[in-house]
Amino acid sequence: MRPQPLIAVSDVEKSSAWYQRVLGAVSAHGGPEYERLNVDGALVLQLHNLDVGHHHGTFGDPAHPLGNGVLVWFETDDLPAAAARARGAGATVEKDIHLNPNAEHDELWLRDLDGYLVVLSSVGPNDQPGQAD
């Protein structure tokens, strides 16, 4: 099974540009309603406009803030490079690079344009490839 996370955002194109820069991702779809972002050919994140329903209805209640209670986690082989990209994108840093003693890896905690908490983590000694703790 492969995860295919999807988050509702207020502006797909702006969020796509932000995530592309922070993650080193590329667009695999594009447009104002929906986006697929790939890293090294693998889908890592889908973005969907909060106000667009299509066949499935809307994903969230516009009366509630986006990002509340949601953490989007990405494991990277090069956390310093990812941190530099995030800073270059003007990302809001919630918690700078620090050691997570439970997972035994380093993490950088950010906020995206809609308030989602985004964690970039290194690979720890107990992590299996493709699994974050």
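Guide: Two strands count as paired if DSSP finds at least two bridges between them. The model before us is predicted, so that local features need pLDDT of at least 70 and side-chain atom pairs count only at pLDDT 80 or more, while totals for chains, interfaces and linings use all residues. Residues are numbered from 1 along each chain as its sequence is written, and side-chain values use heavy atoms, with hydrogens and water left out.

Visitor: With those rules, how many helices and strands are there in the chain, and in what order do the elements run from the N terminus?

Guide: The chain holds two helices and eight strands, in the order β-α-β-β-β-β-α-β-β-β from the N terminus on. The radius of gyration (taken over C-alpha atoms) is 15 Å, close to the 14 Å that the globule rule gives for 133 residues, so the chain is as compact as a globular protein of that length. The rule in question is 2.2 Å times the number of residues to the power 0.38. Along the principal axes, the C-alpha atoms fill a box of roughly 45 × 30 × 25 Å.

Visitor: How should I read burial, and what percentage of the residues of the chain count as buried?

Guide: A residue is buried under 20% relative accessible area, exposed over 50%, and partly exposed in between, with a 1.4 Å probe and protein chains only. By that scale, 39% of the 133 residues count as buried. A contact means heavy atoms within 4.5 Å, and among contacts between residues at least 6 apart in sequence, 49% join residues at least 24 apart.

Visitor: Which residues does L23 touch, and is L23 buried or exposed?

Guide: L23 is found in helix 1, residues 12–23, and counts as buried at 10% relative accessibility. Leaving aside residues up to four places away in sequence, L23 touches V39, V44, F74, R85 and L120. L23 and T76 are 53 residues apart in sequence, yet their C-alpha atoms are 8.9 Å apart in space.

Visitor: Which way does strand 5 run relative to strand 8, parallel or antiparallel?

Guide: Strand 5 and strand 8 (residues 117–121) run parallel and are joined by five bridges, with L117 in strand 8 as the bridge partner of L71. Strand 5 (residues 71–75) has V72 and F74 on a covered face and L71, W73 and E75 on an uncovered one. Strand 7 and strand 8 pair in the antiparallel sense over five bridges, and L117 is also the bridge partner of R111.

Visitor: How many residues lie between strand 6 and strand 7 in their hairpin, and what should I look for in such turns?

Guide: Most residues other than glycine have a negative phi, and most peptide bonds are trans. The hairpin of strand 6 and strand 7 has four residues between the strands, and E104 there takes a positive phi near 60 degrees; E104 is partly exposed, with a relative accessible area of 40%. Strand 6 (residues 92–100) and strand 7 (residues 105–111) pair in the antiparallel sense over six bridges, K95 having W109 in strand 7 as bridge partner. In the hairpin of strand 7 and strand 8, with five residues between them, G115 in the turn has a positive phi of about 95 degrees.

Visitor: Where does D40 lie, and is D40 buried or exposed?

Guide: D40 lies in the loop between strand 3 and strand 4 (42–49) and counts as exposed at 82% relative accessibility. Its phi is near 50 degrees, a positive value in a residue other than glycine.
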